[in-house]
Amino acid sequence: MTSIAIEDCQSAQWKARPGSTDGHLAALTSRSSPPEKAKKISVLIADDHPVVRLGLGAILNSQNDMEIVAEAADGEEACRLYDQHCPDVLMLDLRMPKKDGLQIIAELMVRRVSKPRIVVMTSSDQEQNIRRALSAGVKGFLAKRSHPQQIREAVRRVAQGESFLPQEIGLKLAESMSRSELSRREAQVLQCLALGRSNKEIGRALYIGEGTVKHHVKSILSKLDAMGRVEAIAIAVQRGLIHLERV
């Protein structure tokens with residue numbers, strides 16, 4: 001039989017007579033090889049709670065287009081495993097031992113030409129944490145109470161280079177952006193207030209006059225829309241401006 005190019009066989013398959021050798025050859029060459037399986041989205045989970053890691057693993061591994069490549073229980077392990085596996089998406093808890101989430105984000109963002117695609121998952125939806133994480137380059141932010149379908153959607157969208165921010169978190173962020181921020185000195189005074197220090201004690205600690213302390217306290221109450229010091233501290237904790245366990 002005269003040799004012909006494969007593409008000629010494929011184009012000629014409809015012209016060949018039924019039952020002819022050429023028709024048989026054309027039919028064989030027209031059968032393309034099975035399509036390659038679509039690449040799965042590789043995910044690294046970094047959370048210090050085993051139950052959370054187990055739950056996220058079950059939610060994502062149940063999908064045909066996703067796979068968990070590794071799990072990290074602390075910040076140092078998260079960085080090491082990221083280097084080892086280079087996952088498409090990093091699911092990251094902000095509160096991690098050894099290195100916290102923001103340290104991990106900063107480290108991975110700085111030393112890579114191709115920026116990691118990160119979805120932060122945390123039990124804390126404090127405005128300050130949201131703003132810091134997004135400013136550092138995080139693509140997605142989810143609360144740990146999020147519905148499984150929302151978690152899957154976040155992974156898929158972030159893997160494609162898109163951003164994912166649920167409506168409730170977006171509204172919280174927009175609300176915080178509309179408020180006046182505390183100055184560096186006001187934040188220091190607020191931290192001292194959380195320790196229960198008096199104006200005189202705050203003045204001594206920060207090397208400022210008692211009158212200046214009173215001025216800062218008045219400004220803090222106004223910016224936080226608080227009636228008194230106790231309420232100001234409560235609001236500050238809720239917004240992530242201070243952390244009582246650290247003061």
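Three bridges join strand β3 (residues 89–92) to β4, and the two run parallel. Strands here are DSSP runs (E, at least two residues), helices likewise (H or I, at least four), numbered from the N terminus. Strands pair if DSSP finds at least two bridges between them. The model is predicted: local features need pLDDT of at least 70, side-chain atom pairs count only at pLDDT 80 or more, and totals for chains, interfaces and linings use all residues. Residues are numbered from 1 along each chain as its sequence is written, and side-chain values use heavy atoms, without hydrogens and water.

β4 also pairs with β5, again in parallel.

| Strand joined to β4 | Bridges | Residue pair |
|---|---|---|
| β3 (residues 89–92) | three bridges | Met91 with Val119 |

Side chains in a regular strand alternate between the two sheet faces. One side of β4 holds Ile118, Val120 and Thr122, the other Val119 and Met121.

In contrast, Asn64 is exposed, at 72% relative accessible area. Asn64 sits in the loop between α3 (50–61) and β2 (66–72). Its C-alpha atom is 9.5 Å from that of Ala38, 26 residues away along the chain.

Note on methods
Buried < 20%, exposed > 50% of the residue type's maximum accessible area, 1.4 Å probe, protein only.
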